[in-house]
Amino acid sequence: EPFVADEYIERLAWRTPGGGSRGGEAFDPKRLLEEFVNHIQELQVMDERIQRKVEKLEQQCQKEAKEFAKKVQELQKSNQVAFQHFQELDEHISYVATKVCHLGDQLEGVNTPRQRAVEAQKLMKYFNEFLDGELKSDVFTNSEKIKEAADIIQKLHLIAQELPFDSLMDFCCYPLSSPGKYHDLECQLIQEFTSAQRRGEISRMREVAAVLLHFKGYSHCVDVYIKQCQEGAFLRNDVFEDAAVLCQRVNKQVGEVFSNPETVLAKLIQNIFEVKLQSYVKDQLEEHRKSDAEQYLKNLYDLYTRTTNLSSKLMEFNLGTDKQTFLSKLIKSIFISYLENYIEVEIGYLKTRSAMILQRYYDSKNHQKRSIGTGGIQDLKERIRQRTNLPLGPSIDTHGETFLSQEVVVNLLQETKQAFERCHRLSDPSDLPKNAFRIFSMLVEFLCTEHIDYALETGLAGIPSSDSKNANLYFLDVVHQANTIFHLFDKQFNDHLMPLISSSPKLSECLQKKKDIIEQMEVKLDMGIDTLNCMIGQMKHILAAEQKKTDFKPEDENNVLIQYTNACVKVCGYVRKQVEKIRNSMDGKNVDTVLMELGVRFHRLIYEHLQQYSYSCMGGMLAICDVAEYRKCAKDFKIALVLQLFDTLHALCNLLVVAPDNLKQVCSGEQLANLDKNILHSFVQLRVDYRSARLARHFS
């Protein structure tokens, strides 16, 4: 622990008798001083002893440091000597290695010709045996040395290939025996390879394949291997899955057997495609090619998809440098005859199928399609009848049928969707945009023109005249369904057609065609605005039937119990239903446009209707209540202009009840100040008390 002088003194004083008040003893300073003096002397002696010990240790340390430094110097000298000896040894080893390499080169230069001479002597010996016609050497008679015999036969065969024909004639026995032996040995090796493959002896197969590599029959060995690999491999119904499993198994084995595994595996895959798959595809397609276009297209799409999926799996294997091109050519060789005229079959089927779907629908409605609104006199008569109400012939009665079907649309879109998918998969990339456009044209023809456009034309022709009583306005139902259907059409355009043509010139052509369709439909929808005339006509019938002159000039001014007239209630109920129907039938800006037109016409009708009556004081109050109710109805339009018109009309009705003295003040109010004075005067004239001199004077 650290030394603290104060604590040390305290402990010393505490141990000294008389050094403190302990046990009742009196304090003795002299004794304490004596104890301190003695202790100081002891400390001095201890200090001197420790100091001598320190000096002795320092001297010993200095001595050992000198000895260590001397030893280090000696070791450095020894290390330098050892390093010098190592350099000398390294130089000597390099010199000896150079001599050894030189000697080895000399020995190799002598030994190589000697080995060649020995091999040539052996070949000459075997050649003599062939000339004699008796093969006595153990290498030819022992079946276990077939590998050595094959090497000898191969070399003799190569020598024979290089000799001129005249020289071969001198060795008449050789051409008879050596080629025969060559062929026999080759067959024997192939048979050995076949047996080893059946036994599953990979090492033996590898040995025999290595020997056959230099023979002409090596390719036949590969063919035998491929043939035996496929035995029992295609037992299930799914030939594509069987092929994938087979290739996976062979891929693991072929590298252990052959020195060129990628070539062997590629040849196996080529054999599978050109034999198994081609035969399977032909059987599946030729059965329906002429009799059932739908099944033919489904099978073609399915088979091509499964073939390309198999090709994708095979891309994992090593098949050489350009395996993508190799597999593409194999696929093309199978399907080329079917893909050349694919789009013609597709368009023909789509046209027939779409026409059948539409005809089946119209037959279910007992409806015979007819040409409506196609131009000429009929079209002109229809437009004049709708615009002027002239009796140029009755409108077509559709009996409330819109002639639009969600089921038909879904079926047509589904057929087209499948056609787009097949087109994407089966079309050549260069022909894809063109083929997709042809399919799109079929969709436009049958969905937009033959179905939607026909329904709009029929709906237009079925719009009743404005003077018809209890007319049913089915055209808005047609608009609602057509709007929903076109959204589905637009969704398919974006989801399935756009990806196929997005990077081609056909994109602008398709967009323009779609734009033309929209504009054509909008023209017909604009023509359908005549439906508003029918709505206004219905309101006129309600007002004419329900509104009485006594409503606004009651006989008993003090006994009026109603808040608004019965005509007002029925008109407002009718208008609210039509507004809701318009909102459900249209979307976007079309809703606001149609509601604004209807609101303006509704205001004009009420304005002109109010001009037909005279108003007493209580009748004027009732008219104000009616207009207030009409204004509530106008709020449902959510069109600022319409609400403003009814606000102004409500302010004009105040002129029917205001006191004569306040007429000028009311006319100069915020809502009436900007109106023409004749309009104000026309409303004041409707008051029953207008002819009184007082009222005329105040208004003038």
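Predicted model: local features only at pLDDT ≥ 70, side-chain atom pairs only at ≥ 80, totals over all residues.
Helix H12 covers residues 323-339, 17 residues in total, and reaches 22 Å from its first C-alpha to its last, close to the 24 Å expected at 1.5 Å a residue. The helix contains a kink of about 45°, centred on Ser 333. Its buried residues are Leu 327, Leu 330, Ile 331, Ile 334, Phe 335 and Tyr 338. An α-helix has 3.6 residues a turn, so residues three or four places apart point the same way. The buried residues of H12 pack against helices H10 (261-286), H11 (293-314) and H13 (342-364).

The structure holds 21 salt bridges. One of them links Lys 267 to Asp 223, with the closest N and O atoms 2.9 Å apart. Because Lys 267 lies in helix H10 and Asp 223 in helix H8 (residues 218-229), this pair ties together parts that are 44 residues apart in sequence. Lys 267 is partly exposed, at a relative accessible area of 31%, and Asp 223 is partly exposed at 35%.

Within helix H11, Arg 306 and Asp 302 are four residues apart and thus separated by about one helical turn. They form a salt bridge whose closest N and O atoms are 3.6 Å apart. Arg 306 counts as partly exposed at 23% relative accessibility, as does Asp 302 at 36%.

A further salt bridge joins Lys 514 and Asp 490, with the closest N and O atoms 2.2 Å apart. Lys 514 belongs to helix H18 (residues 506-527) and Asp 490 to helix H17 (residues 475-501), so the pair ties together parts that are 24 residues apart in sequence. Lys 514 counts as buried at 13% relative accessibility, whereas Asp 490, at 22%, counts as partly exposed. Elsewhere, salt bridges that share partners join Asp 238, Asp 302 and Arg 306 into one network.

Key:
Residues numbered from 1 in each chain as written. Heavy atoms only, no water. Helix = DSSP H or I, 4+ residues; strand = E, 2+ residues; numbered from the N terminus. Expected span 1.5 Å × (residues − 1). Bend = angle between axes of the 7 residues up to and from the residue. Buried < 20%, exposed > 50% of the residue type's maximum accessible area, 1.4 Å probe, protein only. Contact = heavy atoms within 4.5 Å. Salt bridge = Lys/Arg side-chain N within 4 Å of Asp/Glu carboxyl O.
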